[in-house]
Amino acid sequence: MSRTSLQTTALESLQSTEELGLLDTIDSLRSQGVSHYISLPQLIVCGDQSSGKSSVLEAISGIPFPTKDNLCTRFATELILRRASAIGVSVSIVPSQDRSEAECHRLVQFHETLSDFDDFPILVEKAKEFMGMSATSSAFSNDVLRVEVSGPSQQHLTIVDLPGLIHSENKLQTSADVALVLSMVQTYMANRRSIILAVVSAKNDYANQIVTKLAKDVDSKGFRTLGIITKPDTLPIGSESELAYANLARNQDVEFRLGWHVLRNRDYESRNTSVGARDTAEEHFFSQGIWRDFSRNLVGITSLRTRLSQVLLQQIKNELPNVLDELEASIKEIHEALGKLGTSRDTNDEQRLFLLHVSQSFQSIINAAIDGTYGNSFFGDPRSAEGYSKRLRAVIQNLNMEFAERMRVCGHKREIVDRIGSEIPPLTAVLPQTISRATFLDEVTELLKISRGRELPGMFNPLIVGDLFHEQSLPWERLAQIHLKNIWEATRAFLELAISHLTDDATTDALLREVLDPLMEQRYRDMTDKLVELLLPHQKGHPITYNHYFIETIQNMRERRLEAEVTRKLSKFFGGRDLSSLEELPIKKVKTSSLISALSSRKEADMDKYASSEILDCMQAYYKVALKSVIDSIAIQAIETQLLGKLGDLLSPARVVQMKIDMINKIAAESSESRLQRERMMRKLVVLKAGLEMCKKHIGRPMTNLQNRPWHSEQHVLEENSDPDLLHEISDLEDVNNQDLVTDTPIGIPPLVTPVSSEPVEVSSSPEWSFGGSEPIAAEETVLIKKTKKKAKKGLVINSDSPLKFL
């Protein structure tokens with residue numbers, strides 16, 4: 001048998017002049033190592049075990065991948081086609097992430113070269129042994145066999161052959177193998193830049209082959225999935241199964257936007273035949289029987305190569321702008337991470353300088369957060385939980401207002417009401433106990449009796465007001481302590497976010513542990529000490545106030561009771577009538593002396609009751625005055641003065657300058673992991689920047705059309721009877737040449753419609769090939785073609801490079 005040359009026609013047919021520019025860009029990106037960080041377009045071959053995947057890959061590439069009828073691909077094989085001045089094939093192993101460091105080091109040592117393709121199956125077996133795979137070991141591996149084919153006429157392309165999907169375990173395939181293969185295939189399929197070649201074997205019912213379901217899970221509309229039917233020669237001629245697979249090939253059952261394709265590969269008996277003999281046998285098979293009526297674009301390896309070339313080209317066109325965006329986002333992330341790591345700092349002076357820069361930025365963020373000016377990018381989105389936590393002034397303000405409301409509702413021990421309704425709220429640790437005024441007055445009277453001094457009847461000892469106030473304000477301390485704890489925790493969370501924004505994780509942990517946490521503990525003790533100081537006069541001292549609000553409150557309470565009493569007496573004087581409207585009273589004359597006597601009469605024989613009522617009024621009035629004072633004092637003297645006002649000093653430049661050398665080293669010294677991380681990020685940054693420049697050179701920059709802007713006096717010149725639907729279909733991107741009609745096609749794809757600048761090109765009625773087989777063109781596509789033809793009559797034509805020629 002003749003040796004297989006490294007320069008195969010199968011590989012050459014995957015290239016075309018049209019692909020040159022785009023594939024060169026992908027080639028350059030891969031050669032720069034961008035594929036290690038950013039997913040690039042590739043072809044992946046997926047299917048059930050023994051479905052013919054490797055045979056499909058061999059037919060596409062011309063490389064004899066090993067095939068067996070029982071156990072085939074046992075690991076992912078990446079075929080990398082590269083352009084180089086020298087011709088050659090190199091094979092290496094990419095260790096999986098679950099390998100140990102020693103195993104990874106051993107596997108990367110595997111590197112072999114080939115002089116021709118016939119030795120490739122032998123080399124694959126050698127790679128299996130090197131991976132430690134044998135008949136008694138695990139049937140599958142997460143390692144990747146990487147095959148790189150280089151040559152001056154090669155175009156860059158990646159084709160991946162994946163292990164076959166397993167339905168059940170056996171002696172050579174455990175349940176762990178089943179899960180491992182499924183996870184591997186799903187990971188490759190999930191990459192949105194992968195073209196999925198879903199291989200289905202005609203030897204089995206396609207409804208029982210899960211590859212189509214997996215493809216639908218990640219690509220529900222089939223935009224990047226092409227179904228491939230193998231082994232059609234095993235179907236009985238004229239059988240229902242043959243008809244079913246023929247309908248599947250016509251895209252009439254499991255529908256993919258890219259359609260289906262049928263291949264007749266070599267079987268076990270013809271496995272040693274040449275590539276040319278294989279293609280001849282396939283062509284003869286499809287020239288007879290039910291397959292004879294199929295378009296040649298849907299059967300055979302020759303049309304599949306062309307079809308894949310077009311599909312991959314379109315995928316690259318669609319994804320290249322996304323690759324550009326992903327590159328820019330990754331570069332931004334690396335810059336932010338490098339900013340946190342800072343420059344290399346080996347000496348103590350470099351470490352102190354690094355901390356000085358951190359402290360300056362820290363103070364800037366602290367001042368902005370306390371002032372409530374959130375212009376710094378650190379503060380982020382306020383609608384997110386993290387963004388809100390960064391807005392310290394907003395958090396403090398809201399917590400203070402919640403505390404004030406909680407003190408108003410729950411700050412008093414007992415809720416005194418005129419009368420208790422039928423439903424008494426249950427007593428809880430949060431809400432105050434409800435008690436009627438009459439019951440409370442009885443308690444005050446008892447306290448008055450046991451506290452009696454030299455005062456006259458109807459008068460009282462002013463210290464009784466203090467005793468009642470102390471009891472009523474008992475919940476203040478508990479509520480205030482909870483509030484200060486909430487404030488402190490919110491502030492500490494803010495500090496963690498601020499420090500982690502400015503430096504790397506290791507330095508953040510060191511700063512929190514060595515500097516910020518101890519100082520914040522001290523700030524919390526200062527706040528609690530101040531709270532004790534503020535509450536002490538209200539817990540043990542006698543009531544003191546010079547606030548006029550105290551007298552006003554007493555007067556208001558007495559006025560409300562007097563109003564209620566006058567209302568009651570008037571109602572009684574007029575015979576118990578409702579006094580809501582005096583005009584309705586059926587009286588003509590009222591004796592003034594009788595009315596005055598009725599209103600002014602007040603008989604309170606129990607002087608202790610009278611004094612108790614006065615005591616209660618004074619206590620409630622003083623409570624309101626003291627409550628307002630305590631809430632403000634806690635917010636100002638405990639929170640603002642003891643905590644927020646001292647935040648900037650936690651990590652000030654002065655504190656950094658005064659730090660001892662061992663403390664500086666403990667905080668800012670770089671670990672070996674940090675150095676390695678910086679080196680890796682710098683290498684990655686260089687690679688991504690080079691890739692970004694390559695993408696920009698190929699994509700270019702669209703020019704701005706000023707005539708279409710709202711500030712321009714002229715608008716786009718369009719015919720009055722222009723079809724708005726067509727403009728919607730081809731619309732919002734402006735033509736770089738400032739033309740009247742523009743397209744919304746992706747960058748790099750020829751425009752759908754252009755002004756007449758050359759002879760008209762007719763829309764072909766018989767397409768060169770079709771994604772969807774023999775199925776009709778979609779309704780929306782037909783409408784678009786009709787509208788485009790209508791535009792052609794008005795001076796617009798279909799561009800010769802338009803994608804419509806494939807419809």
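Start by selecting H483 and the residues around it: leaving aside anything up to four places away in sequence, H483 touches L399, N400, F403, I634 and I639. Keep in mind as you click around that this is a predicted model. H483 belongs to helix α16, which covers residues 475-502. Is H483 buried or exposed? With a relative accessible area of 2%, it counts as buried, because the cut-off for that is under 20%.

Select K485 together with Y524, and you'll find K485 lying over the face of the Y524 ring, 4.9 Å from the ring centre. There's another arrangement of this kind to look up: pick R106 and F130. Here R106 sits over the face of F130, at 5.2 Å from the ring centre.

Now zoom out for a moment. The protein has 807 residues, and 45% of them count as buried. Colour by secondary structure and you have 25 helices and 13 strands to look through. Take the contacts between residues at least 6 apart in sequence: 77% of these join residues at least 24 apart.

Next stop, helix α22: select residues 661-668. Which residues of α22 are buried? They are I664, I667 and A668. These three cover an arc of only 75° around the axis, so they end up on the same side of α22. The general rule behind this is that an α-helix has 3.6 residues a turn, so residues three or four places apart point the same way. To see what lies over the buried residues of α22, show some of the cover too: it includes α11 (348-371), α17 (505-539) and α21 (653-658).

On to the aromatic rings. How many aromatic pairs does a search of the whole structure find? The count is 14.

For the last stop, select F285, F286, W291 and F294 and show their side chains. Ring pairs link these four into a cluster.

How values were computed. Residues numbered from 1 in each chain as written. Predicted model: local features only at pLDDT ≥ 70, side-chain atom pairs only at ≥ 80, totals over all residues. Heavy atoms only, no water. Buried < 20%, exposed > 50% of the residue type's maximum accessible area, 1.4 Å probe, protein only. Helix = DSSP H or I, 4+ residues; strand = E, 2+ residues; numbered from the N terminus. Arc of directions from axis to C-beta. Contact = heavy atoms within 4.5 Å. Phe/Tyr/Trp six-rings, centres within 6.5 Å; stacked < 30°, edge-to-face > 60°. Lys NZ or Arg CZ within 6 Å of the ring centre and 35° of its normal.
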